[in-house]
Amino acid sequence: MKCAAAVHLKNAARLPKNSKLSLAKAMKTLSREPAFCLVILFLVLQTAGAAESARQQAIVLISGEYEYDSARTLPAFKQYLATNYGFNCIYLERTKGEEIPGLEALEKADLAIVFVRRMTLPEEQLGKIKKFIDSGKPLIGLRTASHAFENWKEWDRDVLGGNYHNHYGNDLTAAIKLRPEAADHPILKGVEKEFIAGGSLYLNSPLPPSSTVLLMGSVTNQPPEPVAWTHEYKGARIFYTSLGHPKDFENRSFRRLLVNAIYWALNRPTPPVKKSD
């Protein structure tokens with residue numbers, strides 16, 4: 001025997017969440033069904049809820065620099081996210097000029113990861129990025145993202161909560177350490193308390209009071225510098241790290257840092273640590 005209420009509720013679950021009328025109709029039908037249908041309907045509702053929670057969220061990864069090989073590391077990280085965490089990832093790359101084709105993908109994105117350096121984007125394309133940020137969608141900035149746009153100088157301080165002003169020499173090895181006050185932050189779950197950076201240490205101090213520092217880096221005989229922090233811009237969760245050298249992507253702690261930051265930015269629970277991390 002087939003439960004009509006189960007069919008109605010299943011169909012209602014496929015509709016937008018605000019379709020209260022359809023759900024109410026299903027529940028009305030339920031009231032006329034035999035009692036045993038209650039169990040079936042409960043299972044249908046649970047399955048529909050699970051399907052909604054498992055919906056693939058879209059992440060747009062944007063490469064727009066020629067210093068750190070992001071045209072290689074970001075596509076590899078895209079595949080890593082899709083394979084291990086089920087995200088729907090879209091990769092966009094800068095042309096040889098000053099354009100990034102395909103930025104309309106941001107209209108349906110849940111999160112953007114930006115790895116861009118000193119671009120003068122056409123206003124129409126820059127407008128797509130501004131629209132995404134202004135909508136309250138979360139964003140992650142990697143390394144040169146602190147000086148991403150020549151025609152949006154306020155980006156670093158206002159959006160990322162940063163203060164980039166050059167970097168130490170490439171010959172100086174930077175030690176990265178968790179900031180003790182932030183040790184319990186979900187972005188740092190599974191990240192080693194201390195590891196070595198793959199590239200030079202950026203100068204970012206002092207940061208605006210609105211930024212919350214998670215990682216600090218230091219080189220010999222120099223004061224420590226903030227390396228990773230969170231910020232908020234127009235209600236959006238923002239994460240930035242000055243790490244992002246190709247060698248960083250080979251580091252398990254760096255990959256874990258980024259995965260945690262993605263889940264934090266999307267306001268989702270931090271995933272369990274995997275062997276693949």
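**Notes on the predicted model**

1. First, the surface. The protein chain exposes about 13900 Å², and carbon and sulfur atoms supply 53% of that area. Keep in mind that this is a predicted model.

2. Now the overall make-up. The protein chain has eight helices and nine strands. Of its 277 residues, 48% count as buried. Looking at contacts between residues at least 6 apart in sequence, 65% join residues at least 24 apart.

3. On to the sheet. Nine strands make up an open sheet with mixed pairing, and the order to trace on screen is β2-β1-β3-β4-β9-β8-β7-β5-β6. At the edges sit β2 (88–93) and β6 (194–196), each of which pairs on one side only. Direction ignored, neighbouring strands in this sheet are turned by 20° against each other on average. As a reminder, strands of a sheet pair through backbone hydrogen bonds, either parallel or antiparallel.

4. Is β9 largely enclosed or open? Five of the six residues of β9 (residues 236–241) are buried, so the strand is largely enclosed by the rest of the structure. On one pairing, β9 runs parallel to β4 (residues 139–142), with four bridges between them. On another, β9 runs antiparallel to β8 (residues 225–233), joined by six bridges. Ile-238 is a handy landmark here: this β9 residue is the bridge partner of Leu-139 and also of His-231.

5. The turn between β8 and β9 deserves a look too. These strands form a hairpin with two residues between them, and Lys-234 takes a positive phi near 50° there.

6. At the other end of the strand order, β5 (residues 175–178) and β6 run antiparallel and are joined by three bridges.

7. Next, helix α4 (residues 70–85). This helix lies across β1 (58–64), β2, β3 (111–116) and β4, and runs at about 170° to β2. Which residues of α4 are buried? They are Ser-70, Thr-73, Leu-74, Phe-77, Tyr-80, Leu-81 and Tyr-85. These residues cover an arc of only 115° around the axis, which puts them on the same side of α4.

8. Ser-242 sits in the loop between β9 and α7. Is Ser-242 buried or exposed? Its relative accessible area is 2%, and the cut-off for buried is under 20%, so Ser-242 counts as buried. Not counting residues up to four places away in sequence, Ser-242 touches Arg-143, Tyr-202, Asn-204, Pro-226 and Val-227.

9. Pro-122 is the other one, in the loop between β3 and α5 (123–134). At 30% relative accessibility, Pro-122 counts as partly exposed. Leaving aside neighbours within four places in sequence, Pro-122 is in contact with Glu-98 and Glu-99. The C-alpha atoms of Pro-122 and Glu-99 are separated by 6.9 Å, although these residues are 23 apart along the chain.

Technical notes:
Residues numbered from 1 in each chain as written. Predicted model: local features only at pLDDT ≥ 70, side-chain atom pairs only at ≥ 80, totals over all residues. Heavy atoms only, no water. Buried < 20%, exposed > 50% of the residue type's maximum accessible area, 1.4 Å probe, protein only. Pairing = 2+ DSSP bridges. Axes fitted to C-alpha atoms, helices over the stretch in contact; angles between N-to-C directions. Contact = heavy atoms within 4.5 Å. Arc of directions from axis to C-beta. Areas by Shrake-Rupley, 256 points an atom, 1.4 Å probe, with all protein chains shown as cover.
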